[in-house]
Amino acid sequence: MKRWQGLGVLISAGLFGLVVSCQSNAPVEPVDPTEPEPPQYQTTPYPWQKPANFPDPVYDFSKNPLTQEGVRLGKTLFFDGTLSHDGTITCGFCHIPEAAFAHTDHTLSHGIRDQIGPRNGLNIQNVAWSRTFFWDGGIRDLDLLPIAPIQNPVEMGDTLTRVLEKVRKSAKYPPLFKAAFGTTEVSQERFLKALSQFMLTMVSANSRYDKYVRKEAGGTMNEQELRGLNLFKQNCSTCHAGELFTDQSFRNNGLLPNPNAPKPDLGRYNITLNESDKNKFRVPSLRNIERTLPYMHDGRFSSLEAVLNHYASGVKDNAALDPVLKQNGQVGIALTKQEQQDIIAFLRTLTDQQFVADRQFQPER
Amino acid sequence: MRNFCYFMLALLLGVSVWACNDPDPEFGVNEFGRLQLVFDNVVGTEDLRLQTGIYNNAAGEQFSVSLLNYFVSNVRLKRADGSEYVVPQDSSYFLIKEAEPASQTVTITNVPAGDYVGVSYLIGVDSLRSTMDISRRKGVLEPAGAHNGGMYWDWNSGYIFFKLEGVSPQAPVNPAGTRSFVYHVGFFGGYETKTINNLRTATLSFGSDVAQVSATNTPRLTIRADILRVFDGAQRVSIAQNNNVMVSPFSATIASNYANMFQYSQPVKTN
């Protein structure tokens, strides 16, 4: 026993030495007794929860803790035309809550002065789990994402600097910033992190499928949907993997570049310049897919029937074609018309009615 | 057991010493001063004049320059004994803009007093900073700050390290009807997917000059950046053949050329 006491003393001495030896290095700041108290503000934490059937999120919440006030500010910005050059385009213009934050009915995204972009805008959902954003994965940090649409000349067509100036001058924002961050000062970081906060609340995990896998009330699937789920697991889940229904990779799914595009869209290659990334695009999530038509990066398919038909008989062999779509020398996925219908029936169970109707995502009027 | 106790004590002492080992070798130095680097952008032997100056590159092409911006970061000052003062990273990002004379003087503060014989720096923004949280991107690093002169790609998150724009009769006519050339060089090596890495380091010696930093002496050293070197290096760059270089593998050629455009010129009178 005694020798352990001795050891304890030695360890204590050592630890004391460790603490003392570091102190000399620490700068000692004189405390100014007249310095005013930091402004007091009280935020309410936003009860963000990981759905039971989801993996751990990718977003680092510790650098941007969600609060009710931060989310409210983010939501106000999200639905404010101030973020665009001529005031006509809000984030919600292309990301419609009822369409699971997609720009439904538009083949290609539509921006200020009726300009048409080169791609079919992706919807916003479950961004806390996204390792990258956009069809080409050019953005990796959600906090940096809004700069791109704000400054894209065919989307919102402004500069973040000018947008921040407009936000500073508006009467409505300083109190919202004060409530969220304890200061009326509108900084780039606070502006972007507030938008992130609102987007992070867009968690879609209450589809009929989710209730089925979590064995919750309402989680019933009919025979055709179950057949579809089975077929989906066999034929689609290599890429549309896991509970997010995407492995977040970039692949070519047998679409050849659109010959009518004014400039060929090389997809992931634009970001990496790696030859092997030419004509590869993000594998999108399939959650709420029924609501997010049209489909593919260039919106070339307007129905799920057309999508399934593509995989069954429309896949074009090309240098970039993903190997999983060319097995045993056969391109595409062998699926009968009935099997395609079954898969579509299953995909419709991924619609989250609660998410698309949620009043917390509607603009305040 | 006793041996074990001594071992533990030694280990703890070792840890305590190691834990406090200051990354700067200047621990204990108590005199600090400032040092200034003045970036003088030139074209061969001439001073660079935006818009009005007409120059010729190694490919025999005539050109003038409308914009020149580049990042200088991660500055290290070298002493005669080979040791270095590494400027703390948070205060080691500078954006040199030809259109803003004030931006061309880089002032490094809190430099330990001593004799310095050289300098090295990164041309661009290192990969670590390029992947940091927005809270760690202040001043010239604000991705959308007006003052950063658009040195950031918002659609492919990353800083533009170097921008050179101008016109040349040898450049093909663009849809706007002008014959312009645009070189925007970025790419820090990528996140999960490896990309080209256009970060380049410039290492310069002050020759026989010694920059003596003290509390009362602030050396001012002029570094010349010769734009002709952008077009001429390991591989010659022709405006006629490559008038638009931004997101393309050829950007690496331009980066390798401009890595050698810096030359220590002279000490400016110290004050």
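A residue counts as buried under 20% relative accessible area, exposed over 50%, and partly exposed in between (1.4 Å probe, protein chains only). Keep that handy, and let's start clicking.

What you have open is a predicted model, where local features need pLDDT of at least 70, side-chain atom pairs count only at pLDDT 80 or more, and totals for chains, interfaces and linings use all residues; side-chain values use heavy atoms, without hydrogens or water. Residues count from 1 along each chain as its sequence is written, while chains are lettered from A and ligands numbered from 1 in the order they are written.

**Stop 1: the whole complex**

Colour the model by chain. For the complex, the predictor reports an ipTM of 0.82 and a pTM of 0.86.

Chain A has 365 residues, and 50% of them are buried.

How many helices and strands does chain B have? There are 4 helices and 16 strands in chain B. Its length is 271 residues, with 49% of them buried.

For chain B, with a separation of 6 or more, residues 24 or more positions apart account for 73% of the contacts.

**Stop 2: a trio in chain A**

Zoom in on A:Cys91, which belongs to helix 3 (residues 91-94) of chain A. A:Cys91 counts as buried because its relative accessible area is 15%. Leaving out residues up to four places away in sequence, A:Cys91 touches A:Phe78, A:Leu83 and A:Met156.

Next, click A:His95, in the loop between helix 3 and helix 4 (147-151) of chain A. Is A:His95 buried or exposed? Its relative accessible area is 19%, so A:His95 is buried. Show what surrounds A:His95: beyond four places in sequence, it touches A:Phe78, A:Phe101, A:Ala102, A:Leu122, A:Asn123 and A:Ile124. You've met A:Phe78 already, in the list for A:Cys91.

**Stop 3: a second trio**

Where is A:Cys236? Look in the loop between helix 9 (223-235) and strand 1 (250-251) of chain A. A:Cys236 counts as buried because its relative accessibility is 15%. With neighbours within four places in sequence set aside, A:Cys236 is in contact with A:Leu231 and A:Ile343.

Follow the chain to A:Cys239, which also lies in the loop between helix 9 and strand 1. A relative accessible area of 14% is why A:Cys239 is called buried.

**Stop 4**

Show the backbone around A:Leu293 and A:Pro294. The peptide bond joining them is cis, with omega about 0 degrees. A:Pro294 sits in the loop between strand 2 (281-282) and helix 11 (304-314) of chain A.

Now jump to A:Asn328, a residue other than glycine with a positive phi, near 55 degrees. You'll find A:Asn328 in the loop between strand 3 (326-327) and strand 4 (330-331) of chain A. A:Asn328 is exposed because its relative accessible area is 79%.

Chain B has an example as well: phi of B:Asn74 is near 50 degrees, a positive value in a non-glycine residue. B:Asn74 is in strand 4 of chain B. With 22% relative accessibility, B:Asn74 counts as partly exposed.

**Stop 5**

The mean for chain B is 89, with 86% of its residues at 70 or more. Which parts of chain B have the lowest and highest confidence? Helix 1 (residues 2-19) is lowest at a mean of 47, while strand 4 (residues 62-79) is highest at 98.

Conventions: Helices (H or I, at least four residues) and strands (E, at least two) are DSSP runs, numbered from the N terminus. Contact means heavy atoms within 4.5 Å. pLDDT is the predictor's confidence in each residue, from 0 to 100.
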